[in-house]
Amino acid sequence: MTVGLLLAAGEGRRYGGPKALARDDDGTSWLLRAVQALRPCSEIVVVLGAEAERAAALLPMSVSRIRADDWAEGMGASLRAGLEALGPTDHDAALVSLVDLPDVDAAVVARLVAASQGRGDLARAAYDGVPGHPVLLGRDHWAGVVASATGDRGARDYLAAHDVELVECGDLATGVDVDQR
């Protein structure tokens, strides 16, 4: 069982506000689009921080919410909070995605979930051979990721030190994140 873990806690300093509250020009909510992309997962958990109450109000009741109290530290804090909250669950893997990936959809997520073999997996989407998000973390790696996740680096250092399967998704999306308006 793979849980979708959406990191949406940041204040979006470069963007000009929390990306969890951002909308496209046509009014599409980034938060709801990112949640929809995670639908191939057995469960969806969203990590909130900046403007947590406003963002939580946008979420469907079927989506679990976690608050990263130290969200201002960066993505590492959100990732730690999410994985620590998932510790007591029986999920074999967490598929970690970000709220600011506008063209990453359920097809990308489904491809990564299909590549999962179990608790020892480490995989990530690649776009024309370039590693990106989402990232699949098998349960056996959660403690190591939590121990190494700091600042805005998230799992970057942990992934660099381990063998990670790249799952090509360039035919489905670009995987480009949005940092500025």
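The model is predicted, so local features need pLDDT of at least 70 and side-chain atom pairs count only at pLDDT 80 or more, while totals for chains, interfaces and linings use all residues. Residues are numbered from 1 along each chain as its sequence is written, and side-chain values use heavy atoms, with hydrogens and water left out.

Reader: In what order do the strands of the open sheet stand?
Author: Strands are DSSP runs of E with at least two residues, helices are runs of H or I with at least four, and both are numbered from the N terminus. Two strands pair if DSSP finds at least two bridges between them. The open sheet has seven strands with mixed pairing, in the order β3-β2-β1-β4-β6-β5-β7.

Reader: Which strands stand at the edges of that sheet?
Author: An edge strand here has a single partner strand, so one side of it is left without a neighbour in the sheet. The two in this position are β3 (64–67) and β7 (165–168).

Reader: By what angle are neighbouring strands of this sheet turned against each other on average?
Author: Axes are lines fitted to C-alpha atoms, for helices over the stretch in contact, and angles run from 0 to 180 degrees between N-to-C directions. For the average over neighbouring strands of this sheet, direction is ignored, and the value is 30°.

Reader: Which helix lies across β1, β2, β3, β4 and β6?
Author: Contact means heavy atoms within 4.5 Å. The helix in question runs at about 150° to β1 (2–8). It covers residues 75–86 and is α3.

Reader: How many bridges join β5 to β6?
Author: Strands of a sheet pair through backbone hydrogen bonds, either parallel or antiparallel. β5 (residues 122–127) and β6 (residues 130–138) run antiparallel. In β6, Leu137 is the bridge partner of Leu122, and Val135 is that of Arg124. The number of bridges joining β5 to β6 is five.

Reader: How many of the residues of β5 are buried?
Author: Buried means under 20% relative accessible area, exposed means over 50%, and partly exposed lies in between (1.4 Å probe, protein chains only). Leu122, Arg124 and Ala126 point one way from β5 and Ala123, Ala125 and Tyr127 the other way, and all are buried. β5 is therefore largely enclosed by the rest of the structure, the count being six of six.

Reader: Is Asp128 buried or exposed?
Author: Asp128 is found in the loop between β5 and β6, and in this hairpin, with two residues between the strands, Asp128 takes a positive phi near 55°. Leaving aside neighbours within four places in sequence, Asp128 is in contact with Glu168 and Gly170. At 67% relative accessibility, Asp128 counts as exposed.

Reader: What is the relative accessible area of Ser116?
Author: Ser116 is found in the loop between α4 (106–115) and β5. Apart from neighbours within four places in sequence, Ser116 is in contact with Thr2, Ala93, Asp121 and Leu136. Ser116 is buried, because its relative accessible area is 18%.

Reader: How does Arg65 count by its relative accessibility?
Author: Arg65 is found in strand β3. Beyond four places in sequence, its contacts are Val46, Leu48, Ala56, Leu59 and Pro60. At 32% relative accessibility, Arg65 counts as partly exposed.

Reader: Which element gives the most to the lining of the largest cavity?
Author: On a 1 Å grid over the protein atoms alone, a cavity is a set of points where a 1.4 Å probe fits but cannot get out, a pocket is an open set with protein on both sides within 12 Å along at least five of seven lines, and lining residues have an atom within 4 Å of a point. The count comes to one cavity of 30 Å³ or more. Two or more lining residues come from each of α1 (30–37) and β4 (93–98). With four residues, the element that gives the most is α1.

Reader: What is the volume of the largest pocket?
Author: This pocket is lined by 33 residues, of which Arg14, Met75, Leu98, Asp100 and Asp152 lie nearest its centre. Grid points are joined across faces, edges and corners, and a volume is the space filled by probe spheres set on the points. For the largest pocket, the volume is about 810 Å³.
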